[in-house]
Amino acid sequence: MTQRVAIFVSGGGSNMRALVEDMTGDHAARPVVIVSNNENSGGIAWAKGQGIATEVVDHRPYGEDRAAFEHALDAALAKHAPDIICLAGFMRVLTAGFVSPWQGRMLNIHPSLLPKYRGLHTHRRAIEAGDTSHGCTVHLVTPELDDGPVLGQATVPILPDDTPDALAARVLEQEHRLYPAVLRRFASGNTNRLDL
Ligand code: GAR
């Protein structure tokens, strides 16, 4: 049976786009909704242009009340009955209340070679640490931030005069290869780790 995928985005949505564009032909999954906390997300505009359903749940009216925000998110999501959630540059931390029911069915991409550099500013931190390589990780989401079983990683070199932006662009290119490849396998029931 076709797996129904919800993709969560906050910004430009380039990973979302790579995932959507791969979900054709014999892929076991199809995108059913793009969800964002940001109505100005480029990802939402692009999805609308593609005729894919969208849901925007602005986090700001909820202030510190994460449970209420997540309740609204859950209600929006339920209309589309997804089987899998892919976080793709979704920049709100989700609590255990939201994550736990989805454990094993929610994926995230993070721009570092986890367990290194959880959180933000990963590219700058890798350069400042003097690392010679960096990359991205697709993992199953658990209530711990940027934790959970790794489904795949892609590695890039850090070059002598790298800036965080140059390194981020090199990593992003690999994100666009890794995430679709991992989702394709995952949707067909293969959870073996993939290293590019
Ligand atoms: C990507 O680099 C993704 O790995 C990162 O945000 C960017 C979103 O770009 N995610 C995180 O930092 C999550 N902690 P995109 O909107 O163009 O896909």
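**Conventions.** I number residues from 1 along each chain as its sequence is written. The model is predicted, so I keep local features only at pLDDT of at least 70 and side-chain atom pairs only at pLDDT 80 or more, while totals for chains, interfaces and linings use all residues, and side-chain values use heavy atoms, without hydrogens and water.

**Entry 1: the annotated binding site.** I looked up the UniProt record, an unreviewed entry, and its "binding site" covers Gly13, Ser14 and Asn15. UniProt positions are given in the numbering used here, feature names are shortened, and annotations may be inferred rather than shown by experiment. I then checked the lining of the largest pocket, and it includes Gly13, Ser14 and Asn15. For a pocket I use a 1 Å grid over the protein atoms alone: it is an open set of points where a 1.4 Å probe fits, with protein on both sides within 12 Å along at least five of seven lines, and lining residues have an atom within 4 Å of a point.

I placed glycine 13 in the loop between β1 (3-9) and α1 (14-22), and asparagine 15 in helix α1. Helices (H or I, at least four residues) and strands (E, at least two) are DSSP runs, numbered from the N terminus. Glycine 13 is buried at 10% relative accessible area, and asparagine 15 is buried at 8%. I call a residue buried under 20% relative accessible area, exposed over 50% and partly exposed in between, using a 1.4 Å probe and protein chains only.

Leaving aside neighbours within four places in sequence, I find asparagine 15 in contact with Ala88, Ile109, Leu172, Glu175, His176 and Tyr179. Contact means heavy atoms within 4.5 Å.

**Entry 2: the ligand.** I listed the residues around the ligand: Gly12, Gly13, Ser14, Asn15, Gly89, Met91, Ile109, His110, Pro111, Leu172 and Glu175.

I then looked at distances to oxygen atoms of the ligand. A backbone N or O atom of glycine 13 lies 2.8 Å from a ligand oxygen. For serine 14 a polar side-chain atom lies 2.5 Å from a ligand oxygen. For asparagine 15 a backbone N or O atom lies 2.9 Å from a ligand oxygen. The ligand taken alone exposes 450 Å², and the protein buries 81% of that. These areas come from the Shrake-Rupley method with a 1.4 Å probe.

**Entry 3: the annotated active site.** Under "active site", UniProt (unreviewed entry) lists His110. I find histidine 110 in strand β5 (residues 106-110), and it is buried at 4% relative accessibility. Not counting residues up to four places away in sequence, histidine 110 touches Tyr117, Arg118, Gly119, Thr122, Gly135, Cys136, Thr137 and Asp146.

**Entry 4: backbone geometry.** Phi of tyrosine 117 is near 55°, positive in a residue other than glycine. Tyrosine 117 sits in the loop between β5 and α5 and is buried at 15% relative accessible area. Phi of aspartate 146 is near 50°, again positive in a residue other than glycine. Aspartate 146 lies in the loop between β6 (133-140) and β7 (150-157) and is buried at 10%.

I also noted a cis peptide bond from leucine 114 to proline 115, with omega near 15°. Proline 115 is in the loop between β5 and α5 (122-128).

**Entry 5: serine 36 and glutamate 55.** Serine 36 lies in strand β2 (residues 29-36) and is buried at 0% relative accessible area. Beyond four places in sequence, serine 36 is in contact with Val9, Ser10, Ser41, Ile44, Glu55, Val56 and Val57.

A polar contact of 3.1 Å joins the side chains of glutamate 55 and lysine 79. A polar contact is a pair of N or O atoms within 3.5 Å; within protein, one must be able to donate a hydrogen and the other to accept it, and residues adjacent in sequence count only if both atoms are side-chain atoms.

**Entry 6: phenylalanine 90.** I placed phenylalanine 90 in the loop between β4 (84-87) and α4 (96-99), buried at 8%.

Conventions: Near = heavy atom within 4 Å.
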